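Thanks for coming, everyone. Please look at the picture first.

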Amino acid sequence: MTLTPISFIKLAPMSLLKAAEDEIQAQLEQTDGELFHYRQQTFRGYNLAWPRSDVQALLQYFSDSGCVYSQYRLAYSLLPENLEDWPLKSEELSYHYALNAAEMRLNLDYDGRVRTAFREFEYSNEFVRYRFMMNDFINRYALSRSISTDIISHFKTLPIQGGTGRSLFGGKFLHS
């Protein structure tokens, strides 16, 4: 199945998009055009967990610039099973952004500039919901959509909060 890209970036005010573009360019300038990662939970007075269309638009803008944190946040906001009242919902878009986030995360695993920050994020309270989302996608779609074994393995071995080494899969692993 091919997903037709859907942009809802224009739901954000132009002033917010301009500020976002300035942030992206500043970070790209510091990394020779290689990395953009915005981990903070607020941007210019916008809480990135507010269930609002302008926030989803901002998250998409950051996501489309390669921000792994925003991709996970956007994926979760789009998830129909998410009980928060986000205005835009789409399982296909949620899956798309979640898998992109996981792939980008793994591709940057050996980049010393972001590795520690990603590890800290994966152990954060915020990440728990994304872990459950990814595990659900893996359980439902690993075979039918050919989810990378690297992604499956990463989420299979990722310890739960507190670093106990136990998986959130509850011992039910695919391909083990």
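Start with H1 and H2: they are roughly parallel to each other, a label given to angles under 35 degrees, while over 145 is roughly antiparallel, 65 to 115 roughly perpendicular and the rest oblique. The angle between H1 and H2 is about 25°, and their axes are 11 Å apart. Axes here are lines fitted to C-alpha atoms, for helices over the stretch in contact, and angles run from 0 to 180 degrees between N-to-C directions.

A word on where this comes from. This is a predicted model, in which local features need pLDDT of at least 70 and side-chain atom pairs count only at pLDDT 80 or more, while totals for chains, interfaces and linings use all residues. Residues are numbered from 1 along each chain as its sequence is written, and side-chain values use heavy atoms, with hydrogens and water left out.

Now the overall layout. The chain has seven helices and two strands. Helices (H or I, at least four residues) and strands (E, at least two) are DSSP runs, numbered from the N terminus. The order from the N terminus is α-β-β-α-α-α-α-α-α. Of the 176 residues, 47% count as buried. Buried means under 20% relative accessible area, exposed means over 50%, and partly exposed lies in between, with a 1.4 Å probe and protein chains only.

Back to our first pair. H1 and H2 cross in a right-handed way. A crossing is left-handed if the near helix is turned anticlockwise from the far one by less than a right angle, and right-handed if clockwise. Which residues in H1 and H2 meet? On the H1 side they are Leu16, Leu17, Ala20, Glu21 and Ile24; on the H2 side, Asp54, Leu58, Tyr61 and Phe62. That contact has seven nonpolar, no polar and two charged residues. For these classes, Ala, Val, Leu, Ile, Met, Phe, Trp, Tyr, Cys and Pro count as nonpolar, Asp, Glu, Lys and Arg as charged, and the others, Gly among them, as polar. Contact itself means heavy atoms within 4.5 Å.

Stay with H2. Of its 11 residues, 10 are buried, so H2 is largely enclosed by the rest of the structure. What do the buried residues of H2 pack against? The partners are H1, strand S1 (42-43), strand S2 (46-47), H3 and H4.

Next pair: H2 (residues 53-63) and H3 (residues 68-78). Their axes come within 8 Å and cross at roughly 140°. H2 and H3 are therefore oblique to each other. The crossing is left-handed. From H2, Gln56, Leu59, Gln60, Phe62 and Ser63 take part; from H3, Ser70, Gln71, Arg73, Leu74, Ser77 and Leu78. By class, that is four nonpolar, six polar and one charged.

On to H3. Here 11 of 11 residues are buried. The cover includes H2, H4, H5, H6 and H7. H3 also packs on H6, at an angle of about 65° with axes 10 Å apart. That makes H3 roughly perpendicular to H6. This crossing, too, is left-handed. H3 brings Tyr72, Arg73, Ala75 and Tyr76, and H6 brings Phe127, Arg129, Tyr130, Met133 and Met134.

One residue deserves a stop. Arginine 73 sits in H3. Is arginine 73 buried or exposed? Its relative accessibility is 5%, so arginine 73 counts as buried. Beyond its neighbours within four places in sequence, arginine 73 contacts Tyr38, Arg39, Gln40, Gln41, Leu48, Leu59, Glu126 and Tyr130.

For contrast, take aspartate 150, in helix H7. Aspartate 150 counts as exposed, at 55% relative accessibility. Its C-alpha atom is 9.4 Å from that of alanine 102, which is 48 residues away along the chain.

Last, the core. In soluble globular proteins, nonpolar side chains tend to be buried together. A nonpolar core is a set of buried Ala, Val, Leu, Ile, Met, Phe, Trp, Tyr and Cys residues joined through side-chain atoms within 4.5 Å. The largest one here has 55 residues. Those with the most contacts inside it are Phe43, Phe62, Tyr72, Met133 and Phe155. Elements giving two or more residues to this core include H1, H2, H3 and H6.
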